[in-house]
Amino acid sequence: PPPPPPFQTYFAKGRDHVLGGVDHVAFLAALLFGVAGLRSLLAAVTAFTLSHSITLALGAFDIVRFPQAWVEPGIAFSISGALWWHLYRGPAQAHAWRLAFLFGFLHGSSFATQLQGLQEDQVTIKLLGFNLGVELGQILFVVPVVLAARAAARLLGPERIAAGRQSAGLLLGGLALVLFGRALDSYSHCTEDLPGLGFLPEAFAALPGTLLLAIVLAIWARRRMDPQERPLAPQVGGSLALAALYLTGTWLGS
């Protein structure tokens, strides 16, 4: 059978790149912690779409090249940055569209790597297909999560909702720490280059970056409280503990 048209091929690539990329999905989840309603959700999604479309186009047309050694750790950091800021401010005061717009430039730079090296007569149609596929991937993730959250809000009381939000934040925070550690090690090889870390098994390659980001977050959070007047520093510690358990489980499983 003949190959599918370029638009269809790159539409599927854009959709799958979002839904198959843990870092992009995790960032969308972190944005939802700063969303208070439909209006703020639309503002955050629009801002993210606008900024990532700009850097995606710049990269696809080879106008600007973005070093992946900075982009990928930056994307991993964006998850923690968005999550903890939104937990600190709360949905009513977070203004999620601001961080969505800021970090969208980084995510668009990552998307652009899928389109580099194309022939000039192919770029426009493939860029359009890929970008629309990215938007569909976002919708396919965000809409079910939002609908599930609204259903839970109707069935559960405010205390259970607050506890569930805190637990989800701990899990996402732990994942974000591991993703940052892995991204940092992939481009810096810190477990190989830094003295005294060569003994670490491969499963713990993310540990130096994970600890580094956790320390930065703990310093930032040490005197900050969430809108329910709970200190944020212990929550950061809980995310670090989950990240450590995950890395240990990966090591034992290997």
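Predicted model: local features only at pLDDT ≥ 70, side-chain atom pairs only at ≥ 80, totals over all residues.

Cavities first: I get 1 cavity of 30 Å³ or more. On a 1 Å grid over the protein atoms alone, a cavity is a set of points where a 1.4 Å probe fits but cannot get out, and lining residues have an atom within 4 Å of a point. Points are joined across faces, edges and corners, and volume is the space filled by probe spheres set on them. The largest cavity holds about 70 Å³. Helix 2, helix 3 (38–60) and helix 7 (120–155) each give two or more residues to its lining; helix 3 has the largest share, with 4 residues. For helices I use DSSP runs of H or I, at least four residues, numbered from the N terminus.

I noted the lining residues, among them Leu-28, Phe-48, Gln-138 and Val-142. The lining has 9 nonpolar, 1 polar and no charged residues. Here Ala, Val, Leu, Ile, Met, Phe, Trp, Tyr, Cys and Pro count as nonpolar, Asp, Glu, Lys and Arg as charged, and the others, Gly among them, as polar.

Residues are numbered from 1 along each chain as its sequence is written, and side-chain values use heavy atoms, with hydrogens and water left out.

Next, the largest pocket (an open set of points with protein on both sides within 12 Å along at least five of seven lines). I find a volume of about 930 Å³. It is lined by 33 residues, and Leu-32, Val-35, Ala-149, Ile-161 and Arg-165 are the closest to its centre. Helix 8 gives the largest share of the lining, 7 residues. By class I have 21 nonpolar, 7 polar and 5 charged residues.

Which residues touch the most other members of the largest nonpolar core? They are Ile-79 and Leu-172, in a core of 54 residues. Such a core is a set of buried Ala, Val, Leu, Ile, Met, Phe, Trp, Tyr and Cys residues joined through side-chain atoms within 4.5 Å.

Last, backbone angles. His-95 has a positive phi near 50 degrees and sits in the loop between helix 5 (91–94) and helix 6 (96–112). His-95 counts as partly exposed because its relative accessibility is 35%; buried means under 20%, exposed over 50%, partly exposed in between, with a 1.4 Å probe and protein chains only. Glu-229 has phi near 65 degrees, also positive, and counts as exposed at 57%.
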